[in-house]
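Dear colleague,

I am passing on the structure below, and my notes on it follow directly after. Please read them with the coordinates open beside you.

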Protein chains: 2
Amino acid sequence: MVKEPDEKTDGLPDHVGWRLWQASRAWQAEFAAAMRAAGHAWFSEARAGLLGHIPRNGTRQSALIERAATSKQAVQQLLDGLEAEGVLERLPDPRDGRGKLVRYTRKGLDALRDGDRIKLQIERSYIDRIGEQRFAALMDALRSLDAEQGDASGEAPASK
Amino acid sequence: MVKEPDEKTDGLPDHVGWRLWQASRAWQAEFAAAMRAAGHAWFSEARAGLLGHIPRNGTRQSALIERAATSKQAVQQLLDGLEAEGVLERLPDPRDGRGKLVRYTRKGLDALRDGDRIKLQIERSYIDRIGEQRFAALMDALRSLDAEQGDASGEAPASK
DNA sequence: TCCGTATGGTCAAGATACTTGACGATCTTC
DNA sequence: GAAGATCGTCAAGTATCTTGACCATACGGA
């Protein structure tokens with residue numbers, strides 16, 4: 001199946017994983033650039049990945065750790081950074097003396113709002129590029145993949 | 001379009017970027033785990049990203065830098081690591097005294113072979129999960145996105 | 001031929017993201 | 001209460017990527 005690569009068409013990968021990776025990278029780069037251009041200089045892809053797991057009304061830090069597919073220490077360090085930037089704040093959990101609640105500051109909520117706007121812009125440009133139908137099919141397939149997400153893949157490392 | 005988040009269904013993102021990111025991460029994690037299980041302990045996602053840009057018959061380091069969307073120094077450091085692991089080797093380019101050619105060692109080619117096998121396994125499991133039709137639509141959409149890749153996104157930083 | 005400039009690659013230092021290991025504080029269960 | 005689990009933190013190390021400076025070679029024209 002791997003046809004003899006020549007100087008021009010060069011046998012670069014063409015499978016789901018590669019395509020997903022490329023598409024994901026392109027999206028992230030575009031989004032992050034737009035966010036920084038919108039004045040959110042603290043924005044990075046790793047931070048975005050974490051924020052994606054924090055609902056607008058906040059969450060418990062421990063709940064966050066379950067969702068994000070990394071160690072609790074990684075989450076904590078990201079949170080430290082975001083807190084230092086004034087995007088989030090951590091409060092003691094009134095219902096659990098050990099726990100902490102994470103929630104957005106006004107600055108964080110502003111960023112979310114801008115993020116929503118940018119997100120829609122990019123989405124529109126994607127639809128322009130590949131057509132509404134293909135775009136819908138893309139979303140449908142991705143959602144199915146996620147729903148059918150068996151187990152074999154990326155569960156949290158759960159640092160003992 | 002962003003519906004009011006509630007405690008249960010929790011307003012986690014549901015847009016192209018997020019879905020692509022999640023899907024990509026899941027694929028990478030599964031693939032990397034399988035590669036390491038197959039005995040390629042040196043395998044990492046960053047390295048995979050670079051190897052994806054190196055055709056089986058090798059390439060010039062400079063050509064690699066153009067393709068990979070990072071700085072030449074980042075590419076070099078990845079290459080250093082892969083060379084130290086014995087996956088790749090660098091030779092002087094006979095046609096350009098400044099240049100170097102990058103090519104796979106036997107160990108590297110073995111890894112590529114295993115990678116192809118694993119890749120097909122995962123692809124098959126995806127088809128099982130979401131159906132052949134949806135899978136085809138997914139690939140179609142992703143390819144269209146890539147082809148239509150205007151410009152706004154991730155071109156190489158081209159460290160001056 | 002020689003000079004100016006561009007290109008290919010390297011070295012070095014620092015920032016970011018993430019990992020593992022150890023630990024203290026609080027909750028839960030019996 | 002006392003054992004054990006859970007929540008969060010501190011600390012140290014690794015991997016990846018960035019920026020800046022630098023040398024060697026190639027190329028293009030005067």
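The surface near DNA strand D draws at least two residues from each of three helices, namely α3 (61-67) and α4 (72-84) of chain A and α4 (72-84) of chain B; please bear in mind throughout that this is a predicted model. By class, that surface holds 12 polar, eight charged and three nonpolar residues, and of the 23 residues around DNA strand D the nearest are Ser62(A), Arg98(A), Lys100(A), Ser44(B) and Gly97(B).

Turning to the two protein chains, chain A and chain B each bring 57 residues to their contact and bury about 5200 Å² between them, 67% of it on carbon and sulfur atoms. There are six salt bridges between the chains, including one from Arg19(A) to Asp146(B), whose closest N and O atoms are 2.9 Å apart. On chain B, the elements giving two or more residues to the side that touches chain A are α1 (16-37), α2 (45-51), α5 (106-130) and α6 (132-147), and α1(B) gives the most, with 15 residues. That side of chain B divides into 25 nonpolar, 17 charged and 15 polar residues.

With best regards

Notes. Residues are numbered from 1 along each chain as its sequence is written. Chains are lettered from A and ligands numbered from 1 in the order in which they are written. This is a predicted model: local features need pLDDT of at least 70, side-chain atom pairs count only at pLDDT 80 or more; totals for chains, interfaces and linings use all residues. Side-chain values use heavy atoms; hydrogens and water are left out. A residue is near a molecule or strand if one of its heavy atoms lies within 4 Å of it. Helices (H or I, at least four residues) and strands (E, at least two) are DSSP runs, numbered from the N terminus. Ala, Val, Leu, Ile, Met, Phe, Trp, Tyr, Cys and Pro count as nonpolar, Asp, Glu, Lys and Arg as charged, and the others, Gly among them, as polar. Contact means heavy atoms within 4.5 Å. Buried area is the accessible area (1.4 Å probe) that two parts lose on being put together, summed over both. A salt bridge is a side-chain nitrogen of Lys or Arg within 4 Å of a carboxyl oxygen of Asp or Glu.
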